[in-house]
Amino acid sequence: MTADRRGPGGAKMDPDRKRFSRLTAAALRPLVITGAGVSAESGVPTFRGDDGLWRSHRAETLATPRAFAADPGLVWQWYDWRRSRVAPARPNPAHRWITNYLAERPHGLLVTQNVDGLHRLSGLPDPVEIHGSLWTVRCTVCGAEAEDRRVPLPIPPRCAGCGGLLRPGVVWFGEPLPAAALERAVTAAAVADLVLVVGTSAVVYPVAGLPALARDAPLVEINPEPTPLSPGAMFAVRARAGEFLGPLC
Ligand code: BV8
Ligand code: ZN
């Protein structure tokens with residue numbers, strides 16, 4: 001079913017928003033999982049959408065240790081471009097709704113695959129940034145990790161401490177997720193009374209496998225497109241997240 005296309009702040013609550021509100025309001029321990037789609041309306045390119053290409057390179061080929069080892073300059077040019085796209089981006093109503101929703105649910109948790117930092121910028125105190133952050137850099141020699149907001153970056157950036165080559169503080173394909181972050185996500189899934197999945201194609205593991213861990217929790221999805229999670233969803237809202245959640249903020 002598609003959400004009624006009433007404009008933001010549409011006076012009457014349409015049936016989809018009414019049903020969505022009823023399902024989400026009832027949860028005390030919601031696990032909210034987001035992907036690039038939640039930042040799309042903030043102007044941040046998604047990973048696999050038609051804006052996912054950069055100089056004809058696919059993200060999956062660049063976000064790997066092998067690509068970085070082969071050509072750190074090229075991979076840093078891609079990250080520098082993404083940082084320059086994210087720097088002016090601001091949270092949209094989808095981020096805001098999630099922040100307000102979880103502010104009232106201390107036992108809820110947000111797990112995001114996004115590395116853009118927009119959930120934090122929208123006021124969420126402690127999002128699980130399970131794939132890391134565009135704004136973190138880590139030294140490949142001494143391991144020192146720091147926040148670095150320079151846009152543009154000198155390429156390739158070097159460690160202030162030892163002069164070693166820095167890498168982006170993100171999780172690449174084939175790399176393990178940070179153990180503590182994964183632990184928080186798995187623990188939350190096991191006790192969740194609702195799983196809300198917003199704006200992810202649900203193809204990247206282990207995050208795509210989290211909803212299955214929340215055995216007896218209903219799954220609600222907001223995505224204009226169907227995903228592998230859709231068949232198991234109690235309610236699949238076929239809409240853009242900011243547009244759908246705006247009137248509920
Ligand atoms: C691991 C950080 C094990 C970097 C990312 C073969 C070899 C190696 C590994 C594997 C393999 N086969 C499978 C794997 C596992 C692999 C994997 O799952 N691959 C997939 C592609 C099959 N996973 C891994 O490698 C993970 N690690 O398994 O380690 C291990 C254990 C121990 C020891 C060693 C190893 C690591 C995965 C993390 C990879 N890093 N990003 C960076 O960002 O640069 S993943 C990348 O994809 C981003 O994080 C992104 O967030 C994530 C998921 O993508 P989405 O967020 O869903 O974005 P996408 O564009 O795909 O979709 C957008 C969606 O939004 C769409 O559905 C669209 O319809 C919707 N949308 C659009 N507009 C809107 C909207 N929705 C709502 N509103 C809108 N307005
Ligand atoms: Zn160093």
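Predicted model: local features only at pLDDT ≥ 70, side-chain atom pairs only at ≥ 80, totals over all residues.
Twelve residues from domain 1 and twelve residues from domain 2 take part in the contact.

Next, the interface. The size of an interface is often given as the accessible area lost when the parts come together. For domain 1 and domain 2 the buried area is about 930 Å², with 55% of it on carbon and sulfur atoms. On the domain 1 side, the residues that lose the most area to domain 2 are Val44, Arg90 and Val115. Together these three account for 50% of what that side buries. Sorted by class, the domain 1 residues that touch domain 2 are six nonpolar, four polar and two charged.

What about polar contact and salt bridges between the domains? Four residue pairs are in polar contact across the interface of domain 1 and domain 2, with both residues at pLDDT 80 or more. The count of salt bridges between the two domains is zero.

Now the aromatic side chains. Searching the whole structure gives eight aromatic pairs. Among them is Phe20 with Trp97, which is tilted, with 5.3 Å centre to centre and 55° between the planes. Phe20 belongs to helix α1 (residues 15–25) and Trp97 to helix α6 (residues 93–103). The two residues are 77 residues apart, and the pair links distant parts of the chain.

Last, the backbone. Where do the cis peptide bonds listed here fall? One runs from Val151 to Pro152, with omega near -5°. Pro152 is in the loop between β5 (145–147) and β6 (166–170). Another cis bond runs from Tyr205 to Pro206, with omega near 5°. Pro206 is in the loop between β7 (194–198) and α9 (210–213). Ala202 also lies in the loop between β7 and α9. Its phi is positive, about 55°, although Ala202 is not a glycine.

Notes:
Residues numbered from 1 in each chain as written. Chains lettered and ligands numbered in written order. Heavy atoms only, no water. Contact = heavy atoms within 4.5 Å. Buried area = accessible area lost by both parts, 1.4 Å probe. Salt bridge = Lys/Arg side-chain N within 4 Å of Asp/Glu carboxyl O. Polar contact = N/O pair within 3.5 Å; in protein donor to acceptor, adjacent residues only side chain to side chain. Nonpolar A, V, L, I, M, F, W, Y, C, P; charged D, E, K, R; others polar. Phe/Tyr/Trp six-rings, centres within 6.5 Å; stacked < 30°, edge-to-face > 60°. Helix = DSSP H or I, 4+ residues; strand = E, 2+ residues; numbered from the N terminus.
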